[in-house]
Amino acid sequence: MLCGFGEAVVPRPPDWPRRVHVTGYWYLEADAGWRPDPVLTGFLDAGPPPVFDVVRAAVRLAGCRAVLGGVTAANTDDVLTVRDVPHEWLFERMAATVHHGGAGTTGSSLRAGLPTLVCPVFSDQPFWGSRVARLGAGPDPVPMRELTAEPLLDSLERDLADSDEVMGSSRGLY
């Protein structure tokens with residue numbers, strides 16, 4: 001059995017049989033021909049690094065910009081929607097992440113060293129959110145059904161402050 005996560009995130013329990021192997025996260029190489037959309041690079045270059053988030057009100061209250069992934073919505077000066085952008089490319093341009101807590105997105109966020117708020121929906125997402133919090137890489141998860149602008153604003157402000165301390169810059173949030 002192969003477990004596609006790192007032991008730094010989930011330590012191997014001593015009672016697991018030898019046939020279970022913790023391999024680290026599995027990452028696909030980005031398509032060598034992939035290039036970001038000029039609209040995305042223009043948005044990233046036009047101001048302070050943005051936030052990737054699901055709640056526009058919290059982004060505006062926090063006074064930061066956002067990149068929304070996997071959605072189709074109207075773009076504004078402070079919010080840009082994108083589809084299919086490799087996490088390894090985008091996350092190095094962010095200050096923190098707010099996401100559903102899938103294993104891959106969580107691993108990519110941790111790999112990039114970003115403060116992370118997990119807003120789980122179902123399945124293993126609450127587990128990954130609790131691991132992020134126990135590792136000190138973000139606050140306790142906020143289930144998507146409970147997410148409102150206020151707790152998200154608190155997390156954004158904390159994450160952006162943490163990002164500045166850790167990275168010495170004001171990168172955006174994914």
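In which loop does Ser123 lie? Ser123 lies in the loop between β6 and α5, and the views below place this residue among other local features.

The structure is a predicted model, in which local features need pLDDT of at least 70 and side-chain atom pairs count only at pLDDT 80 or more, whereas totals for chains, interfaces and linings use all residues. Residues are numbered from 1 along each chain as its sequence is written, and side-chain values use heavy atoms, with hydrogens and water left out.

View 1. Ser123 is not a glycine, yet its phi is positive, about 60°. With 59% relative accessibility, Ser123 counts as exposed (buried means under 20% relative accessible area, exposed over 50%, partly exposed in between, with a 1.4 Å probe and protein chains only). Asp84, also a residue other than glycine, has a positive phi near 50°. Asp84 is found in the loop between β4 and α3 and is exposed at 73% relative accessibility. Helices (H or I, at least four residues) and strands (E, at least two) are DSSP runs, numbered from the N terminus.

**View 2. Helix α4 and its surroundings.** Helix α4 spans residues 103-111, and within it Thr105, Thr106, Gly107, Ser108 and Ser109 are buried. The cover over these buried residues includes α3 (87-91), β5 (94-99), β6 (116-118) and α5 (125-134). After α4 comes Gly113, with a positive phi near 75°.

**View 3. The largest nonpolar core.** A nonpolar core is a set of buried Ala, Val, Leu, Ile, Met, Phe, Trp, Tyr and Cys residues joined through side-chain atoms within 4.5 Å. The largest one has 12 residues, including Leu40, Phe43, Val67, Trp89, Met94 and Leu114. At least two residues of this core come from each of α1 (38-45), β4 (79-82) and α3. Another core, of 9 residues, lies apart from it, with Ala58, Val98, Val142 and Leu156 among them. In soluble globular proteins, nonpolar side chains tend to be buried together.

**View 4. Contacts of Leu135.** Leu135 is found in the loop between α5 and α6 (149-167) and is partly exposed, at 37% relative accessibility. Leaving aside residues up to four places away in sequence, Leu135 touches Ala8 and Val9 (contact means heavy atoms within 4.5 Å). Leu135 and Val9 are 126 residues apart in sequence, but 7.2 Å apart in space, C-alpha to C-alpha.

**View 5. Cysteines Cys3 and Cys119.** Cys3 is buried at 9% relative accessibility, and Cys119 is buried with a relative accessible area of 1%. A disulfide is a pair of cysteine sulfur atoms within 2.5 Å; by this rule, the count is 0 disulfides.
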